[in-house]
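Open the structure in your viewer and keep the selection panel at hand. Each stop below gives something to select and then says what is there.

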Amino acid sequence: MSIEFETPKPIAQIQFVLKTVAENMMRSQSRAFDENEHEIPYSYIEFMHNAMRSIGGGSLAPKEEKPAKEGDEKKEKRPPIGYQNLAAQIEMLSWGDVGFYLITPGGGLGAAAVQSAGSAEQRAKFLARFSEEKPTFAAMAMTEAGAGSDTSAIRTRAVLDEATQEWVINGEKIFVTGGDKSFKEYEQFGKGFVVVWASIDPTAGRAGMRAFVVESGTKGVTIAKLEHKLGIRASDTATIALVDARVPYDNILGSPTVEKTTTGFKGAMATFDMTRPLVAASGIGVARAAVEYVKEQLAEQGVQIRYGLPRQKMTAIERDVIEMEIQLRSAWLLVLKAVWMADNKKPNALESSMSKVKAGDVVTKITQKAVEIMGPLGYSREFLLEKWFRDAKITDIYEGTGQINRLVVARQILGYSGKELR
Amino acid sequence: MYSFEPSEEQQMLMDAVGKYAQNDLRAAAHDAEESRELPKKLISKGWEIGLLQASIPEAYGGFGDRSAVTGALAMEEFAFGDLAGTLAVMTPSLFATPILLAGSEEQKQEYLPKIIEGDWAPYTAALIEYAYDFDPNDLRTTAKADGGDYILSGEKAFVPFAKDAEAILVYANLDGKTQGFIVPKDAAGLSVSDEREKLMSLNALPLYRVKLDSVKVSADNRLGDASGHDFELILASLRIASASAAVGVAKASFEYSMNYAKERDVFGVKVAQKQAIAFMLAEMATEIESIRLLIWEAAWKLDAGKEDAAKDAYLAVTGAADMVMMVTDRGVQILGGHGYIREHPVEMWLRNGRGFAMLTGLAIV
Ligand SMILES: Cc1cc2nc3c(=O)[nH]c(=O)nc-3n(C[C@H](O)[C@H](O)[C@H](O)COP(=O)(O)OP(=O)(O)OC[C@H]3O[C@@H](n4cnc5c(N)ncnc54)[C@H](O)[C@@H]3O)c2cc1C
Ligand SMILES: Cc1cc2nc3c(=O)[nH]c(=O)nc-3n(C[C@H](O)[C@H](O)[C@H](O)COP(=O)(O)OP(=O)(O)OC[C@H]3O[C@@H](n4cnc5c(N)ncnc54)[C@H](O)[C@@H]3O)c2cc1C
């Protein structure tokens with residue numbers, strides 16, 4: 001081992017391909033789908049689905065590594081780069097349009113939950129659908145009106161009906177990304193599911209929390225509302241109401257009995273260690289779009305950024321742009337380290353949250369500054385910059401707010417429990 | 001491939017430097033700063049770790065190859081102990097490393113073995129000038145060709161160990177380009193201030209003002225061959241060293257203030273349990289790590305000969321200077337009134353921290 005920053009070939013190749021996709025399938029439609037919230041960019045969804053199927057899968061998620069066959073020694077053993085690759089793809093797609101990226105078919109957070117908390121049987125049963133003919137979605141529903149950052153406060157209940165051996169779920173989930181496409185039956189899409197978090201024992205606190213796979217079309221479940229948002233408008237954000245919704249016994253992810261442990265909850269948190277740097281990567285894609293746009297526009301006006309000067313000799317714009325570049329790159333490197341650790345099976349809770357803290361901060365500041373620099377052009381809806389400003393802000397909110405991730409980082413460095421630092 | 005793990009060799013060097021930095025440099029730092037004196041023995045001990053020696057090939061008396069990444073890793077460990085001590089121990093590198101990077105074969109043969117194989121000796125360099133808008137690419141000190149010689153005129157500031165220096169590598173503006181010139185200690189027209197420079201920090205490091213009053217040096221003393229050298233690579237290496245030292249200082253302040261906050265009782269809890277303090281610490285840790293990675297990438301690019309290495313080194317040192325300011329300021333803040341008192345080192349690190357925006361030129365790896 002030694003320190004290295006050479007982009008692996010497979011990553012460079014996929015970035016190249018996705019840049020073309022971003023330019024031709026995303027940027028060209030960005031504005032239209034921002035102005036027409038809740039319309040669905042079928043062309044992008046179809047295209048991505050077919051593209052991912054043609055390379056042997058139905059989602060962006062890393063493929064499971066096949067164990068090396070004996071006698072395969074000649075083949076050089078390369079270190080795994082699945083999550084590094086995924087982060088790079090997400091960054092590039094979000095550079096195209098983060099709202100579109102969020103509705104890339106293939107399971108998203110819902111599939112990630114099954115992947116990390118489900119049994120082999122469950123993985124086989126629930127994940128096969130994403131590589132079938134129609135684009136298919138899955139979502140993850142944790143948040144409730146009364147429980148956002150404090151996930152332990154969820155009220156949704158799951159009770160086992162001993163007679164029928166079904167789980168009966170009651171509650172209401174809000175802010176479910178892709179909830180509509182995952183749950184509602186669309187002719188163009190395959191049958192999806194929503195992973196719903198509920199308590200099987202409210203007296204047990206976090207130890208009683210479990211995730212349930214709720215299939216599209218389940219009786220008693222309705223899409224109660226679609227939110228109207230500041231940004232990422234191509235991505236639907238749904239309220240899902242569950243009234244005596246019945247799901248099969250085997251749809252519970254993890255153990256159906258409550259021990260005095262918090263393994264169920266830890267399952268959710270382990271998923272976040274993987275997904276936080278990916279959310280950070282997504283925000284960074286948006287910010288990179290903004291920085292590049294500003295530099296291009298300035299260059300067109302004959303304004304060059306002179307690197308290497310002491311601050312005393314720079315123009316204010318040079319200071320701003322250089323600051324943006326420093327922040328953007330250093331944030332990206334934190335992401336890269338966090339996913340590199342994930343690929344190499346190193347515990348990365350600290351680095352994951354660090355990358356999210358940093359990205360949440362810098363992508364909002366960068367896009368805010370970019371709009372300021374471009375003046376009226378930045379503020380106008382004729383260009384995409386103002387949209388990127390609105391889109392970027394979500395980075396600091398979902399998948400753990402900036403504050404929650406600061407708490408995670410602080411607890412890690414201080415060696416504090418959640419009780420010692422609330 | 002991406003990788004964030006130092007090699008075993010690098011780790012061994014980091015451990016050796018780290019041990020010295022914590023046990024020796026840190027222990028001596030307070031008294032050295034107050035008395036304006038670094039014990040000679042302390043410097044020798046640091047020299048014997050062999051950081052510079054390990055970056056010079058055997059042909060010139062060393063035992064390794066230079067790597068900016070290795071240098072960056074070691075510099076952080078070093079400065080975690082104490083900045084002034086680090087700069088003192090590494091002063092000969094200011095002279096030797098540019099010769100290694102850009103010198104002619106004759107210059108390498110003449111200077112490197114004698115510096116590397118000997119005890120620590122004051123070979124130094126003069127880049128910084130006393131001007132608010134000091135710019136290493138636009139120096140006020142000039143070099144003019146004069147037949148086969150060069151005439152150097154101007155004034156240099158903050159030159160470490162200039163008083164006792166065997167030779168000084170002086171950077172000057174030759175037709176708009178920054179070029180290095182080796183000036184022997186007895187050159188006519190070279191004068192070193194009697195008084196040491198007085199700065200906001202680095203009291204333990206003897207720094208001098210150096211005047212060049214039409215100093216004549218032969219063409220052989222121009223760094224590189226007859227057509228000189230590329231300054232960009234040297235400047236990038238100076239910047240990486242400076243940025244890495246900034247990370248070391250920042251980490252020192254971060255760790256000290258974090259440990260303090262875990263011990264300090266306020267309102268019935270440890271002050272680290274208050275989000276106002278805990279969040280500051282989380283941000284400090286995050287900034288240190290992100291800038292560290294920015295430096296590593298720039299250093300790796302420098303080693304790999306990537307085109308944009310110089311630009312990245314510039315971005316890294318610019319980011320590092322802001323980061324260390326933010327972190328060391330908070331280090332003082334977290335200690336409250338005690339942070340303001342010189343018994344605790346955080347106020348010195350704050351003074352160190354402010355220097356990084358203008359001190360590129362005092363370290364190179
Ligand atoms: C567009 C969008 C998509 C989303 N997608 C999903 C999804 O797919 N699935 C899902 O389950 N959820 C999703 N969410 C929900 C998201 O994760 C929550 O909004 C987020 O976790 C914050 O919760 P909250 O909105 O209830 O804010 P609150 O928890 O009420 O927080 C309010 C403020 O208080 C701060 N705060 C909270 N606790 C603390 C503390 N202990 N210390 C200091 N500060 C604190 C927060 O940082 C925030 O600034 C989505 C949200 C949005 C907006
Ligand atoms: C030069 C100087 C002159 C002074 N003169 C006087 C004087 O004339 N008379 C006098 O009585 N005192 C004087 N003081 C003392 C000064 O008022 C205290 O140092 C100051 O109130 C902070 O207290 P502390 O140093 O004990 O820090 P601490 O109380 O230990 O605080 C340490 C850190 O924790 C933070 N903190 C503390 N409590 C909380 C909380 N609940 N939530 C979040 N953060 C918290 C603080 O902001 C600080 O960052 C002087 C101090 C100095 C340095």
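**Before starting**

This is a predicted model, in which local features need pLDDT of at least 70, side-chain atom pairs count only at pLDDT 80 or more, and totals for chains, interfaces and linings use all residues. Residues are numbered from 1 along each chain as its sequence is written, chains are lettered from A and ligands numbered from 1 in the order in which they are written, and side-chain values use heavy atoms, with hydrogens and water left out.

**Stop 1: chain A against chain B**

Colour the two chains separately. How many residues does the contact take from chain B and from chain A? Chain B gives 47 residues and chain A gives 47 residues, where contact means heavy atoms within 4.5 Å. About 4700 Å² is buried between chain B and chain A, and carbon and sulfur atoms give 63% of this area. Buried area is the accessible area (1.4 Å probe) that two parts lose on being put together, summed over both.

Now select Met1(B), Tyr2(B) and Phe4(B). These residues supply 19% of the area that chain B buries against chain A, more than any other three residues.

Stay at the start of the chains. Strand β1 (residues 4-5) of chain A is joined to β1(B) by two bridges, and the strands run antiparallel. Strands pair if DSSP finds at least two bridges between them. Select Phe5(A): its bridge partner in β1(B) is Tyr2(B).

**Stop 2: charges and helices across the contact**

Select Lys313(A) and Asp135(B). Their side chains meet in a salt bridge, 3.1 Å from N to O. A salt bridge is a side-chain nitrogen of Lys or Arg within 4 Å of a carboxyl oxygen of Asp or Glu. Between chain B and chain A the count is ten salt bridges.

**Stop 3: domains of chain A**

Chain A is divided into domain 1 (9-64 + 78-123), domain 2 (136-262) and domain 3 (265-414), with bounds that come from an automatic or database domain assignment. Colour domain 1 and domain 2 of chain A: their centres, taken over C-alpha atoms, are 23 Å apart. In domain 1 of chain A, 26 residues are in contact with 26 residues of domain 2 of chain A. These two domains of chain A bury about 2100 Å² between them, with 67% of it on carbon and sulfur atoms.

The count between domain 1 and domain 2 of chain A is one salt bridge. For a salt bridge in chain A, select Arg233(A) and Asp34(A), whose closest N and O atoms are 3.6 Å apart.

**Stop 4: one pair in chain A**

Finally, select Lys295(A) and Glu325(A). Their side chains form a salt bridge of 2.9 Å, N to O. Lys295(A) is in helix α7 (residues 263-300) of chain A and Glu325(A) is in helix α8 (residues 316-343) of chain A, so the pair, 30 residues apart, links distant parts of the chain. Over all chains, the count comes to 51 salt bridges.

Key: Helices (H or I, at least four residues) and strands (E, at least two) are DSSP runs, numbered from the N terminus.
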